Amino acid sequence: MVGGALKHHFFEVDLYFMSIISKDISRAVELLNAEEVIAIPTETVYGLAGNIYSEKAIKAIFEIKKRPFYNPLIVHIASIDYLDKIVKHVPVKAKLLAENFWPGPLTLVLKKKDTIPDLITAGKNTVAVRVPNHPLSLKLLEQLSYPLGAPSANPFSTISPTKAEHVENYFINSIKMVIDGGPSKSGIESTIIGFVDDEPIIYRLGSIPLEAISKIVGNIKIINNQSETPEAPGMLERHYAPITNTILTDNLLKAISQHSERKLGILSFKSKIEGSNIKLQITLSENGNMKEAASNLYDALHKLDKADLDIIIAERLPDYGLGKSINDRLERATKL
Ligand code: TXA
Ligand code: MG
């Protein structure tokens, strides 16, 4: 662990704080076995994790995150071999998807076994499950005798965390440890797929491009807002949102000219824009690489939100591949 000193302005004393960021996996195992909640790295975003069979730990996750109990958690397992312990039935296309994308940013919603606690699934008869693709979390899961329930490690509806520091900023007073796994490589949440009569439906766009999923299972329907379906209760319209007023545009130059009197932050896809009132500009990928853009998205929003701006103007990406998933997040981040 790393300590640090904060200078107190009035009394000239150093106030020491201890960071909760650490790489100590044995301590993580101890804390989880003691029914505590810790944050874990994944390739998508950091998760706030606890033993799925511990009522104490799971209740604490909802409390710390201020998440409503009707919104179920994702169960994280160490490998596809554990799937049969969690779910009753695996449709052929679910198995195909798992074989292709696990470990990785794919979450499958399947009929749950009776042993999966109602608290995890918000009383539903289905459970969301995935194998995360991060060496530290896989190592951790292998050392535990239970799966980990984990939502993204951010307060309800705020910007998701893709670095240990993001989690520490949110939760330094409410959890004891964030496992330091470096920046999340994929950078947006997993793609969630449910099944109706064994046919797949996308509940949430995510880190796997839609086209890559269609390659495996053919054309697939997307249902991605709450009003369309009670099946995906977490798909609230406003989500992933900065505190700073944020707007989304197809035409950056026009939006900038409309807000010329204000301190602006710009989140562009690949272009760099000049302007005297632009206080901070972040380009997601100078080469126009969508994978790189996705991995930079939330960190860019965190930085812009801290920059004391009047308004953040975000540019919509081309609407295919990961661009489609990034646009989904930007749309929710800018909903009022
Ligand atoms: O990439 C991810 O999926 C990250 C990392 C930590 O694994 N987790 C994540 O969790 O994004 P969370 O809780 O922020 O989002 C999970 C979503 C919620 O929208 C929730 O409603 C949905 O999954 N979900 C969970 N169980 C479900 C179920 N049985 N049926 C439908 N949707 C479900
Ligand atoms: Mg979330």
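# Figure legends: overview and close-up views of a predicted model

Figure 1. The structure shown is a predicted model. Its secondary structure consists of 11 helices and 17 strands. Along the principal axes, the C-alpha atoms fill a box of roughly 60 × 55 × 30 Å. A compact globule of 336 residues would have a radius of gyration near 20 Å, and the value of 20 Å for the chain agrees with this. Of the 336 residues, 57% are buried. The chain exposes about 15400 Å², of which carbon and sulfur atoms supply 52%. When contacts between residues at least 6 apart in sequence are considered, 64% of them join residues at least 24 apart.

**Figure 2. Strand β17 is covered on both faces.** Strand β14 (residues 246-249) pairs with β17 in the parallel sense over 4 bridges. Within this pairing, Thr 246 has Ile 312 of β17 as its bridge partner. Strand β15 (residues 264-268) also runs parallel to β17 and is joined to it by 4 bridges. Here Gly 265 stands opposite Ile 312.

**Figure 3. Strands β11 and β12 form a hairpin.** Strand β11 (residues 191-196) runs antiparallel to β12, and 5 bridges join the two. Ile 193 stands opposite Ile 202 of β12. There are 2 residues between the strands of the hairpin, and Asp 197 in the turn has a positive phi of about 50 degrees. Strand β12 (residues 199-204) is mostly covered, with 5 of its 6 residues buried. A further pairing joins β12 to β13, which run parallel and share 2 bridges. Ile 201 has Lys 221 of β13 as its bridge partner.

**Figure 4. Helix α6 has buried residues that are covered by several other elements.** The helix spans residues 135-142, and its buried residues are Leu 136, Ser 137, Leu 138, Leu 140 and Leu 141. An α-helix has 3.6 residues a turn, so residues three or four places apart point the same way. The cover over the buried residues of α6 includes the helix α1 (25-33) and the strands β4 (38-40), β6 (74-76), β9 (148-149) and β10 (178-179).

**Figure 5. Lys 112 is a buried residue in a loop.** Lys 112 lies between β7 (106-111) and α5 (118-121). Its relative accessible area is 9%, so Lys 112 falls below the 20% limit for a buried residue. Leaving aside residues up to four places away in sequence, Lys 112 touches Ile 86, Val 87, Lys 88, Asp 118, Thr 121, Lys 124, Asn 125, Thr 126 and Val 127.

**Figure 6. Ser 22 and Gly 181 are 159 residues apart in sequence.** In space, the C-alpha atoms of Ser 22 and Gly 181 are 8.9 Å apart. Ser 22 belongs to strand β3 (residues 21-22). Ser 22 is buried, with a relative accessible area of 11%.

**Figure 7. Trp 102 and Pro 103 are joined by a cis peptide bond.** The omega angle of this bond is about -10 degrees. Pro 103 is placed in the loop between α4 (92-101) and β7.

**Figure 8. Tyr 240 and Asp 308 have positive phi values.** Phi is near 55 degrees for Tyr 240, a residue other than glycine. Tyr 240 is found in the loop between β13 (221-222) and β14. Asp 308, which is not a glycine either, has a phi of about 55 degrees. Asp 308 lies in the loop between α10 (290-305) and β17. Is each residue buried or exposed? Tyr 240 is buried, with a relative accessible area of 1%, whereas Asp 308 counts as exposed at 52% relative accessibility. The cut-offs are under 20% for buried and over 50% for exposed.

Definitions and conventions: Residues numbered from 1 in each chain as written. Chains lettered and ligands numbered in written order. Predicted model: local features only at pLDDT ≥ 70, side-chain atom pairs only at ≥ 80, totals over all residues. Heavy atoms only, no water. Buried < 20%, exposed > 50% of the residue type's maximum accessible area, 1.4 Å probe, protein only. Contact = heavy atoms within 4.5 Å. Pairing = 2+ DSSP bridges. Rg over C-alpha atoms; globule rule 2.2 N^0.38 Å. Areas by Shrake-Rupley, 256 points an atom, 1.4 Å probe, with all protein chains shown as cover.
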